[in-house]
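Thanks for coming. Please have the sequence and the structure open while I talk.

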Amino acid sequence: MKLVLLRRTQDGEVNSRTHLLSNSAQNVPSPARNQKSKHGEQEQYSLFGSGRGPSPDEFVVVKSSRGFYERKNKKIEKCYLVDLRKKRGQVLVINMNTFDPKAKVSPRPGSERDVLKLKRLFEELNFIVTVECNLNEKELKDVIYLFSQNEKHREYSCCFVFLFSHGAPMHSGSIDGQWGIVCRDGNKIDVEKDVINKFSNQEAQHLIGKPRFIIINACRGGSPDYANMPKRQIGQRVSAGYLPYRSVADMAIVKSSVPGYASLRNPSRGAWFIEELCEVFRSNACNQDVLTLFDLTDKALSRRIGPEGQVQTLEVTKRGMNKKLFLYPGL
């Protein structure tokens, strides 16, 4: 075990830092136990084991078989069609890991590792990956809108959007519905209005009938969740031929934590959620659909626990997604 600093930031994200790493490498001073930082957040210490899974350079995605593809892709009533002659789709990864000084928001060390792992994973899965980092409010809104309107979506089978930052309430007293994402300039965008709604059938007509996944890795509260367990265990109806037009369909929203709780991240390895997601997709996308992969990711998260009992729960919301999407890696 290595001694790790858990740092709860002003914006709610719990930051874990290996004590054995040099401070110069992290470029952040090491505070004393229970000392409040200049932004008022409480410093906490804990023990974490090293994370699991391969490094970005070691990713080898398990491949599907042609027979598996032929069996699944014929079931058009149950599965989304995937054209193997083309890329599977486009992926947008947006990461906020540094912020303007005037924003008075703490950096998010380790998130750059999440980006590297996701980029390698989805390139191996035959996607086109676009990465954007450290955007202000206007830039972030523009990037999301332009991606949602990209005509290339017509050619492909699906799309993924990953958004990583601090989470913060849009208004005083907000629990979750008005929980926002912090931009580089310290301003916030509303996840529902400024992100999710841009991928509705009304807004993103190139994606009608195609599955789209919006994945948010950000806190939805200021405190980590704790396991409820003994202390001694801690640290271990129309016709089938006609479907009505719906404003929202074929969409899944994945959030790294549940309302009121923080997301956990290690500055040297990245977010718990992204580390588990990459390993699950790498190992299981060959024979499991995407929603099942998120279920498996949450199952893997359920096995992780900090020495003080810190745990994390994934939330997946389906909006009119009634079929399965298989990615068929290697085909």
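First, the ground rules. This is a predicted model, in which local features need pLDDT of at least 70 and side-chain atom pairs count only at pLDDT 80 or more, while totals for chains, interfaces and linings use all residues. Residues are numbered from 1 along each chain as its sequence is written, and side-chain values use heavy atoms, with hydrogens and water left out.

A word on labels. Helices (H or I, at least four residues) and strands (E, at least two) are DSSP runs, numbered from the N terminus.

Now the sheet. How many strands form it, and in what order? Six strands make an open sheet, ordered β5-β4-β6-β10-β12-β16, and the pairing is mixed. Two strands count as paired if DSSP finds at least two bridges between them. At the edges are β5 (127–133) and β16 (315–319); each has a single partner strand, so one side of each has no neighbour in the sheet. From one strand to the next, the twist averages 10°. Angles here run from 0 to 180 degrees between N-to-C directions, and axes are lines fitted to C-alpha atoms, for helices over the stretch in contact.

Next, look at β6, residues 158–164. On one side, β6 pairs with β4 in the parallel sense over seven bridges. The bridge partner of L92 in β6 is V161. β6 also runs parallel to β10 (residues 212–217), and six bridges join the two. Across that pairing, L163 stands opposite I216 in β10, and F164 stands opposite N217.

Helix α4 (residues 137–148) packs on the sheet and touches β4 (89–95), β5 and β6, with its direction at about 175° to that of β4. Touching, or contact, means heavy atoms within 4.5 Å. Helix α7 (residues 290–302) lies across β6, β10, β12 (251–255) and β16, and runs at about 20° to β10.

Is β6 buried or exposed? Seven of its seven residues are buried. Buried means under 20% relative accessible area, exposed means over 50%, and partly exposed is in between, with a 1.4 Å probe and protein chains only. Both faces of β6 are covered: C158, F160, F162 and F164 are on one side, and C159, V161 and L163 are on the other.

Now helix against helix. The axes of α3 (residues 111–124) and α6 (residues 272–284) come within 10 Å and cross at roughly 15°. That makes α3 roughly parallel to α6. For angles, under 35 degrees counts as roughly parallel, over 145 as roughly antiparallel, 65 to 115 as roughly perpendicular, and the rest as oblique. The crossing of α3 and α6 is left-handed. A crossing is left-handed if the near helix is turned anticlockwise from the far one by less than a right angle, and right-handed if clockwise.

Which residues of α3 meet α6? From α3 they are D114, K117, L118, L121 and F122, and they meet I274, E275, L277, C278, F281 and R282 in α6. By class, that contact has seven nonpolar, no polar and four charged residues. Ala, Val, Leu, Ile, Met, Phe, Trp, Tyr, Cys and Pro count as nonpolar; Asp, Glu, Lys and Arg as charged; and the others, Gly among them, as polar.

α6 also packs against α7, at an angle of about 130° and with the axes 9 Å apart. That makes α6 oblique to α7, and the crossing is right-handed. Among the α6 residues in this contact are W272, L277 and F281, and among those of α7 are V290, L296 and L301. The contact divides into eleven nonpolar, two polar and one charged.

Last, three loop residues. K78 is in the loop between α2 (66–73) and β4. At 57% relative accessibility, K78 is exposed. Not counting residues up to four places away in sequence, K78 touches K323 and K324.

S200 sits in the loop between α5 (191–195) and β10. S200 is buried, at 7% relative accessible area.

K210 is found in the loop between α5 and β10. K210 is buried, at 15%. Its C-alpha atom is separated by 8.1 Å from that of C159, 51 residues apart along the chain. Leaving out residues up to four places away in sequence, K210 touches H153, R154, E155, Y156, S157 and D250.

That is the end of my part.
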